[in-house]
Amino acid sequence: MRTFRPLSCAFGATAFGLALLAGAASGAQEPQPDAADILFERPQLQALKLGDNLNYSYSFHSADEKIFGPSFDDKIALTIDKGDAPDKKRVDVELFSAERRRAAGPFDDISGNPLLSLVLEENLQRLASIFQSNPRYMKTAIRMALRNAKASPDHADGFDAAAPAWKVEVAPFVNDPNKARMHGLDTLTYRFRVSAAAPGEIYEIDIAARDPSGAVLFEETVRYAGKKP
């Protein structure tokens, strides 16, 4: 099994959001909101209470274990605690279980859901291990893609259909100058789905690359799996 360094807060919700938003256009008057607004600016934890537990299923599918690492299923759990300000929360993290568990968090005094940061950091470390490259290169590509992205209206299955729901989808590496060395992962598409009715708002993240026939080469999927008060 491939090993990865412990997650840091360098890709944390606040730090990554600020880096993403630097220099971004506001787009406030446009019918489609900016990806940054949907993913990073909303107070996604506002409706959650002290002790709430958000559970997510995690699945990694690999078409080639030697290149991408082994497939597996696991879980991510977030526990909500109070922050130093009324509109802020502390979030404790359980990232995976048993022998796969890694250090992550806690996230102090945040208003956004750190799930996005956790999943992107996990993805970056995995890609850096595959390509033997600096994760900053890939982080920059993802940041630029999200900076220029718009959210499109979505339908959130299992949640109040009347609540606003959005989808953000980007392919950061499709025109990468080094894509010939990316084992087909230049086709990686990052899809984020959010709903105002979902606890923590972010309810699905899917990162996938497919070969020319449409078969999955590499896929990470995270889905909301319930809230325990």
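These are my notes from looking through a predicted model of one chain.

**Ground rules**

I number residues from 1 along each chain as its sequence is written, and side-chain values use heavy atoms, with hydrogens and water left out. Since the model is predicted, I keep local features at pLDDT of at least 70 and side-chain atom pairs at pLDDT 80 or more, while totals for chains, interfaces and linings use all residues.

**Overall layout**

I began with the secondary structure and got five helices and nine strands. Both kinds are DSSP runs numbered from the N terminus: helices are H or I with at least four residues, strands are E with at least two. Reading from the N terminus, I wrote down the order α-α-β-α-β-β-β-α-α-β-β-β-β-β.

Next I checked burial: 48% of the 229 residues count as buried. My cut-offs are under 20% relative accessible area for buried, over 50% for exposed and partly exposed in between, with a 1.4 Å probe and protein chains only.

**Strand β1 and its partners**

I then turned to β1, residues 53–62, where seven of the 10 residues are buried. What does β1 pair with? I count strands as paired if DSSP finds at least two bridges between them. β1 runs antiparallel to β2 (residues 72–82), with eight bridges joining them. β1 is also antiparallel to β9 (residues 216–228), over 10 bridges. For reference points I noted Ser57 bridging to Lys75 in β2, and Ser59 opposite Thr221 in β9.

**Aromatics**

My search of the whole structure turned up 10 aromatic pairs. A pair means rings of Phe, Tyr or Trp (its six-membered ring) with centres within 6.5 Å; planes under 30 degrees apart are stacked, over 60 edge-to-face and the rest tilted. Ring pairs tie Tyr58, Phe60, Phe68, Phe72, Phe96 and Phe218 into a cluster.

Which residue lies over the face of Phe60? I found Arg126 there, 4.0 Å from the ring centre. The test wants NZ of Lys or CZ of Arg within 6 Å of the ring centre and within 35 degrees of the ring normal.

**Helix α4**

I see 17 of its 17 residues buried. Just after α4, Gln132 has a positive phi of about 55°.

I logged a cis peptide bond between Gly105 and Pro106, omega about -5°. Pro106 is in the loop between β3 (89–95) and β4 (107–110).

Phe96 is in the loop between β3 and β4 too. Phe96 is not a glycine, yet its phi is positive, about 70°. Is Phe96 buried or exposed? Phe96 is buried, at 1% relative accessible area.

Glu201 also has a positive phi, near 65°. I placed Glu201 in the loop between β7 (189–195) and β8 (202–210), and it is buried at 8% relative accessible area.
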